[in-house]
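This report describes a single protein chain.

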Amino acid sequence: MRNGVINIYKEQGFTSHDVVAKLRGILKQKKIGHTGTLDPDAEGVLPVCLGSGTKLCDMLTDRDKTYEAVLLLGQSTDTQDAAGTVLERAEVSVTEEMVREAVLSFTGDYEQIPPMYSALKVNGKKLCDLARAGREVERKARPVVIHRIEILEIDIPRVRMSVSCSKGTYIRTLCHDIGERLGCHGCMEKLLRTKAGQFLLEDSLRLSEVERLRDEGRLSEVILPVDEVLAAFPKAVLKEGSSRLGHNGNPVRKSDFDIQDVQDGKIRVYDHAGIFIGIYVWRPEQCLYRPVKMFYQKMKLREQV
């Protein structure tokens with residue numbers, strides 16, 4: 001079984017689940033999961049976790065993302081993108097300066113109401129399922145952060161922009177809200193995810209490329225090991241006599257490490273042989289490091305990428 005993360009370019013027309021299903025067939029393994037849904041019409045970076053790397057899914061979903069989007073002014077739709085049913089149309093009589101001011105005004109903290117056509121659940125039911133049944137329910141605004149918006153091109157009624165944002169941000173809702181602020185409605189016409197955490201568009205692979213690399217026996221070149229994905233956390237190596245504690249998922253003390261000035265907070269823990277064990281966090285009230293995520297596998301079960 002292969003373990004780690006592979007940076008997939010999700011093509012238009014595929015759901016994120018489609019990508020996972022196709023990769024299961026290509027790699028001939030079941031334990032695969034994606035790190036955040038991209039709409040079927042959207043394209044771009046989709047990190048996919050393999051084997052023990054699936055324990056990273058929730059950690060990678062939390063990371064900031066960057067998108068390139070095209071906002072189409074003059075209409076609103078039920079899905080807030082151009083693929084939806086048009087609800088309202090309006091004349092677009094705004095200037096470039098008005099557009100620029102409205103777009104950039106969303107930089108910073110932003111209370112965003114999730115769209116009905118989304119996978120979020122209300123009372124145990126997905127909003128998109130309720131929307132398809134013709135029901136609309138009240139949604140609470142959620143705090144998101146727009147770190148940066150760069151306007152790449154204005155050709156009214158279209159605006160092409162790059163958006164860096166926090167997790168949970170809906171770019172189509174941002175497009176809708178910009179249109180409402182301008183008083184002429186708006187929806188998202190195109191979406192390309194260019195960055196998800198440390199994973200970049202230029203490094204992403206189409207499924208056909210993954211197949212080719214499999215046939216050439218070169219998959220290990222493009223699967224990022226779990227510990228490298230977590231390289232932002234400081235590295236700490238256990239002494240030989242203390243490695244067994246890590247293998248069994250037990251808490252450890254600072255004195256169990258080769259170097260005593262181990263940093264507080266979260267760290268990457270390795271055994272004395274250099275095998276990655278997991279992420280530990282310092283608990284000052286107990287003077288212990290406790291495991292947060294364990295990735296160590298017993299030798300008889302461990303398989304190399």
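The chain carries 46 positive and 44 negative side chains, and the centres of these two sets lie 9 Å apart. Lys and Arg are counted as positive and Asp and Glu as negative, while His and the chain ends are left out; each charge is placed at NZ of Lys, CZ of Arg, CG of Asp or CD of Glu. The model is a predicted one, in which local features require pLDDT of at least 70 and side-chain atom pairs count only at pLDDT 80 or more, whereas totals for chains, interfaces and linings use all residues. Numbering starts from 1 along each chain as its sequence is written, and side-chain values use heavy atoms, with hydrogens and water left out.

**Overall architecture**

Eight helices and 18 strands are present in the chain; these are DSSP runs numbered from the N terminus (helices H or I, at least four residues; strands E, at least two). The C-alpha trace spans about 75 × 50 × 40 Å along its principal axes. Of the 305 residues, 47% are buried (under 20% relative accessible area, with exposed meaning over 50% and partly exposed in between; 1.4 Å probe, protein chains only). The chain exposes about 15,400 Å², of which carbon and sulfur atoms supply 48%. Among contacts (heavy atoms within 4.5 Å) with a separation of 6 or more, 66% are between residues 24 or more positions apart.

**Salt bridges**

Side chains of opposite charge can pair when their charged atoms come close. Twelve salt bridges are found in the whole structure, each defined as a side-chain nitrogen of Lys or Arg within 4 Å of a carboxyl oxygen of Asp or Glu.

In the pair of aspartate 58 and lysine 293, the former belongs to helix H2 (residues 57-61) and the latter to strand S18, so the bridge ties together parts that are 235 residues apart in sequence. Aspartate 58 is partly exposed at 42% relative accessibility. Arginine 160 is also partly exposed, at 29%, as is glutamate 153 at 41%.

**Negative surface patch**

Glu96, Glu97, Glu101 and Asp155 form a negative surface patch. Patch residues have over 30% relative accessible area and no salt bridge, like charges being joined within 9 Å. Helix H3 (residues 96-104) gives the most to this patch, with three residues. Glutamate 97, found in helix H3, is exposed, with a relative accessible area of 54%.

**Backbone features**

Most residues other than glycine have a negative phi, and most peptide bonds are trans. Isoleucine 156 and proline 157 are joined by a cis peptide bond with omega of about 20°; proline 157 is placed in the loop between strand S10 (142-155) and strand S11 (158-165).

Histidine 185 has a positive phi, near 65°. This histidine 185 lies in the loop between helix H5 (171-182) and strand S12 (186-196) and is buried at 12% relative accessibility. Cysteine 287 likewise has a positive phi, near 55°, and is located in the loop between strand S17 (276-283) and strand S18 (288-294). Cysteine 287 is partly exposed, with a relative accessible area of 44%.

Definitions and conventions:
Patch = residues over 30% accessible without salt bridge, like charges linked within 9 Å, V, L, I, M, F, W, Y side chains within 5 Å. Areas by Shrake-Rupley, 256 points an atom, 1.4 Å probe, with all protein chains shown as cover.
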